[in-house]
Amino acid sequence: MSYLERLRELGYTLEPVELDAGKIMLGVRSGNLIFTSGQVSRLGDLEIKGQLGADLSVEEGYKAAQLSTVGCLNVVQTLAGGIDKVVRVVKVLGMVNVAPGFSNTPAVIHGCSDMLLHVFGESGRHARSAVGMTLPLNYAVEIEMIVEVF
Amino acid sequence: MSYLERLRELGYTLEPVELDAGKIMLGVRSGNLIFTSGQVSRLGDLEIKGQLGADLSVEEGYKAAQLSTVGCLNVVQTLAGGIDKVVRVVKVLGMVNVAPGFSNTPAVIHGCSDMLLHVFGESGRHARSAVGMTLPLNYAVEIEMIVEVF
Amino acid sequence: MSYLERLRELGYTLEPVELDAGKIMLGVRSGNLIFTSGQVSRLGDLEIKGQLGADLSVEEGYKAAQLSTVGCLNVVQTLAGGIDKVVRVVKVLGMVNVAPGFSNTPAVIHGCSDMLLHVFGESGRHARSAVGMTLPLNYAVEIEMIVEVF
């Protein structure tokens, strides 16, 4: 099965994106590495906002991490000329919008890691930090990635 | 116009800096990439401290992001042997000192992105995350960059 | 003296680690760069949890940063085939678990920087950000590194 087919098994598809987001790019390639911008938990008409530990359950946070991950993969696909160009997901910074006292941030970012493993297999197993902070416009999750491509 | 002239249009100049800051370096080059240390919102005698959403307006935060950006460019200039050696600003991590409830962090870090676009044109359009956290010694903004150079 | 001997002077040794941590890797190599996962302040049977500014002193945070650093070096040693393969510690992101009002995050992450300088000498002098946020499972410190190796 191709990476795209495996992603479809999880209920998601990729879309071409306009990389130029005005003041910033959604991602930049330097050599064989793609650095994505932080992608918030928004995909098409769906967005997940709120703080873990106050407004959202871990399950909702997990879903939010999936949306951010698909956002990153859209960027990688567009920059690399296809998701099949991925050699390795190198590094994930998973940022969770947290209320005071919520520190189960890894369980939220597992929504990203599980997806990357399902789609890319061993090539998707990445280094990661999963931490809590304050996110733009109260989005639940924001994820940035470094991905090695052909 | 040169990059330096474009920066001057915004009212800023670059200065050589001592890269060795004791326990750390202000930036390190590896291959064609420069990784800067996080540069706080301090430039010469001017410093901007305080939390967005409590002590500072978005406009003051925007100015703080400019100071951090010039700090990064000073480092890049010194490490690369001139700001004209910049091939591409690859990635910006914009960190904003926030009070609870303030999540308009992108508007603050636009102070960085607008400056990079003005100075470098398309070569300055970068991948970015702009998030809220707690910063050293209560500085308003801290920015770190990855920059590709010749 | 070798790097390992210098580390032993500080009372620490390195251990081989299983890089595959299930959903993630403890570190990934891409070209000559190693990207570690964020390593929390836990080493063997010892762990340091709590917030700076509420539960822990700066001295305890400094010690926590040492534990995280040894965790990173375990990963680098295993991935590179020996700590003597380190060319340069490029970048450290030091994350401190902070209570509201605590902003002396650099003094905590000095526990990392001092160790890297002691062990690697000039090759250990790195670019760094040292900031406050919310960490997984209430660990006091989490550190991720980018290290250039042969």
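# Salt bridges and chain contacts in a predicted three-chain model

B:K23 and C:D114 form a salt bridge, with their closest N and O atoms 2.8 Å apart. This pair crosses between chains, running from the loop between α1 (3-9) and β1 (27-30) of chain B to helix α3 (residues 105-120) of chain C. A salt bridge here is a side-chain nitrogen of Lys or Arg within 4 Å of a carboxyl oxygen of Asp or Glu. Helices (H or I, at least four residues) and strands (E, at least two) are DSSP runs, numbered from the N terminus.

This is a predicted model: local features need pLDDT of at least 70, side-chain atom pairs count only at pLDDT 80 or more, and totals for chains, interfaces and linings use all residues. Residues are numbered from 1 along each chain as its sequence is written, chains are lettered from A and ligands numbered from 1 in the order in which they are written, and side-chain values use heavy atoms, leaving out hydrogens and water.

## Salt bridges

Side chains of opposite charge can pair when their charged atoms come close. Over all chains, the structure holds twelve salt bridges. Three of them are counted between chain A and chain C. The table lists some pairs.

| Pair | Closest N to O distance |
|---|---|
| B:K23 and C:D114 | 2.8 Å |
| C:K23 and A:D114 | 2.8 Å |

C:K23 and A:D114 form a salt bridge at 2.8 Å. C:K23 lies in the loop between α1 (3-9) and β1 (27-30) of chain C and A:D114 in helix α3 of chain A, so this pair joins two chains.

How exposed are these residues? Buried means under 20% relative accessible area, exposed over 50%, and partly exposed in between (1.4 Å probe, protein chains only). B:K23 is partly exposed at 30%, and C:D114 is partly exposed at 22%. C:K23 is partly exposed at 31%, and A:D114 is partly exposed at 22%. A:R125 is buried, at 11%.

## Where chain A meets chain C

Contact means heavy atoms within 4.5 Å. By that rule, 25 residues of chain A touch 21 residues of chain C. The two chains bury about 1,900 Å² between them, with 61% of it on carbon and sulfur atoms. Buried area is the accessible area (1.4 Å probe) that two parts lose on being put together, summed over both. Which residues of chain A lose the most area to chain C? They are A:S103, A:R125 and A:V131, together 23% of what that side buries.

Between chain A and chain C, 13 residue pairs are in polar contact (both at pLDDT 80 or more). On the chain A side, the elements giving two or more residues are β6 (86-97), α3 (105-120), β7 and β8. β7(A) supplies the largest share, seven residues. The residues of this side divide into eleven nonpolar, eight polar and six charged. Ala, Val, Leu, Ile, Met, Phe, Trp, Tyr, Cys and Pro count as nonpolar, Asp, Glu, Lys and Arg as charged, and the others, Gly among them, as polar. A polar contact is a pair of N or O atoms within 3.5 Å; within protein, one must be able to donate a hydrogen and the other to accept it, and residues adjacent in sequence count only if both atoms are side-chain atoms.

A:S113 sits in helix α3 of chain A. A:S113 is buried, at 0% relative accessibility. Beyond its neighbours within four places in sequence, A:S113 contacts A:H126, A:R128, C:K23 and C:I24.

C:L135 lies in the loop between β7 (127-133) and β8 (141-149) of chain C. C:L135 is also buried, at 0%.

## Loop residues with positive phi

A:N138 has a positive phi of about 65 degrees, although it is not a glycine. A:N138 is in the loop between β7 (127-133) and β8 (141-149) of chain A, and is partly exposed at 30%. C:L137, also not a glycine, has a positive phi of about 55 degrees. C:L137 is in the loop between β7 and β8 of chain C, and is partly exposed at 43%.

## Symmetry

A rotation of 120 degrees with 0.0 Å of shift along its axis superposes chain A on chain C (RMSD 0.0 Å). That is the relation of a three-fold axis. In chain A, the C-alpha nearest the axis belongs to A:M133, 3.2 Å away. Copies are superposed by least squares on the C-alpha atoms of residues with pLDDT of at least 70 in both. Only 4% of the interface residues of chain A are also interface residues in chain C, so the copies meet through different surfaces.
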